[in-house]
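Visitor: I am new to this structure and would like to learn how to read it. Please show it to me, and then we can take a few features in turn.

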Amino acid sequence: WNNFAPASDKKLAEIGQRFTKDTGIKIKIDHVAHPQQAAKYASEVQSQAGHDLVEMRMHFPWLYEPQLVDVSDVVAELEKKYGKVLSSAQDTANVHGVWRAVPQYHTFFVGCYREDLFKKASLKVPDTWEDLYTVGKELKKMGHPVGIPISQNYDTISTASPVLWSLGGMEVDKDGKTVRINSPAAEQMIEWYKKVYRDCMEAEVLSWTDASNNTTLNAGKSGWIHNPISAYIVARKSKLVTADGINHHRSLAGPHGRHETDVPRHIGIWKFSKNVEPAKEWIRYLLGKREVYDEYVMSGDAFNLPVYASLLDHPVLKTDPKFAALRQMEGVQFHTYGWPAPPSDKVQRITNEYILPNMIAKAITGTSTKEAVAWAEKEMKRIISG
């Protein structure tokens with residue numbers, strides 16, 4: 001994908017050139033905007049031709065299990081060297097006991113805010129989603145609204161899920177079969193979104209892309225967004241005037257705890273590849289050589305964090321005091337989309353159809369809360385039972 005920490009894409013190209021020099025294996029790396037990845041996977045599987053390796057986020061290894069090579073040998077080598085894979089990465093890349101992709105790194109969401117504006121207006125840094133509504137009203141009055149997308153993109157799911165979880169809600173139960181979206185918690189979540197949209201945000205959030213919240217924070221418009229730290233990284237690298245004022249805090253809590261969206265990314269190899277062994281060598285080179293993996297992680301300025309146990313307190317976290325919110329802390333529960341349902345191809349299909357974002361958008365634009373929730377329930381049941 002086109003990484004939101006652009007320097008890591010540059011570094012990947014450099015490492016690729018070194019790999020060729022060291023091994024004699026030629027490699028070509030293509031980048032696509034991540035909303036186009038799902039269509040790209042589908043077309044390559046359909047034609048049984050295309051790339052040898054593909055980078056997959058979240059539950060895509062489950063969706064494409066029959067098409068992916070068993071890479072358990074590579075993961076075993078990496079775990080022997082670096083310790084166990086984080087549970088979120090294991091859950092999403094290990095399908096029915098077989099590693100269908102190699103965990104590469106993960107990213108998670110925090111509160112990204114204009115610390116300078118907060119200090120100027122003596123606003124309290126929010127600790128709960130309800131606190132955000134309180135400060136968000138003041139931020140909007142100041143001309144610096146809250147920026148949470150409510151549109152068909154991953155960032156919308158990455159915020160809506162923690163809000164739902166913090167209220168005790170879920171989409172699908174832990175049995176992976178029972179749809180639970182039609183609940184008082186989901187209705188509470190929608191009502192929270194309605195008031196935040198009305199009093200703290202602007203209508204443009206209904207058409208945002210994943211990059212829009214970063215752009216508005218860096219442009220000096222938004223006063224608070226929920227995102228990984230990519231906005232700050234870009235602002236700092238580009239020497240934007242907003243960079244000094246941006247800081248981060250741990251994601252927000254609700255009556256049922258502090259839950260966080262974890263976004264693991266993996267590397268898979270298509271079964272139709274004619275270069276399976278060279279593809280594995282590339283993964284070993286990029287992730288298995290400690291000095292290379294460190295270099296790759298450092299290039300992303302703490303956006304791409306390691307997913308192996310012995311590397312969690314990585315030196316990259318000490319390179320900037322504004323990365324402090326990224327340290328692993330007690331009391332924060334990390335989940336992938338669809339939790340507490342176990343990862344599955346069906347959970348990925350719910351993601352791909354943006355049911356959660358569409359449910360919220362419907363309610364904000366005139367559909368009653370109960371109708372919106374009933375619609376989401378029907379759509380999720382269609383996928384789960386299909």
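Guide: In this predicted model, helices α8 and α9 cross with a right-handed sense. Helix α8 covers residues 154-166 and helix α9 residues 184-200.

Visitor: At what angle do α8 and α9 pack, and how far apart are their axes?

Guide: The angle is about 125°, and the axes lie 9 Å apart. Angles over 145 degrees count as roughly antiparallel, so α8 and α9 are classed as oblique to each other.

Visitor: Which residues meet between α8 and α9?

Guide: From α8 come T156, T159, A160, V163 and L164; from α9 come A185, A186, M189, W192 and Y193. By class, this contact has eight nonpolar, two polar and no charged residues.

Visitor: How are α15 and α16 oriented to each other?

Guide: Helix α15 (residues 355-364) packs against helix α16 (residues 369-385) at about 160°, with the axes 9 Å apart. The two are therefore roughly antiparallel. Their crossing is right-handed. In the contact of α15 with α16 there are nine nonpolar, one polar and two charged residues.

Visitor: Now the strands. How do strands of a sheet pair?

Guide: They pair through backbone hydrogen bonds, either parallel or antiparallel. Here four strands make an open sheet, ordered β6-β7-β5-β8, with mixed pairing.

Visitor: Which strands stand at the edges?

Guide: β6 (146-147) and β8 (246-249) do; each has a single partner strand, so one side of each has no neighbour in the sheet. β6 runs parallel to β7 (residues 224-227), joined by two bridges. Within this pair, G147 is opposite I225 of β7.

Terms used. Residues are numbered from 1 along each chain as its sequence is written. This is a predicted model: local features need pLDDT of at least 70, side-chain atom pairs count only at pLDDT 80 or more; totals for chains, interfaces and linings use all residues. Side-chain values use heavy atoms; hydrogens and water are left out. Two strands pair if DSSP finds at least two bridges between them. Axes are lines fitted to C-alpha atoms, for helices over the stretch in contact, and angles run from 0 to 180 degrees between N-to-C directions. Angles under 35 degrees count as roughly parallel, over 145 as roughly antiparallel, 65 to 115 as roughly perpendicular and the rest as oblique. A crossing is left-handed if the near helix is turned anticlockwise from the far one by less than a right angle, and right-handed if clockwise. Ala, Val, Leu, Ile, Met, Phe, Trp, Tyr, Cys and Pro count as nonpolar, Asp, Glu, Lys and Arg as charged, and the others, Gly among them, as polar. Contact means heavy atoms within 4.5 Å.
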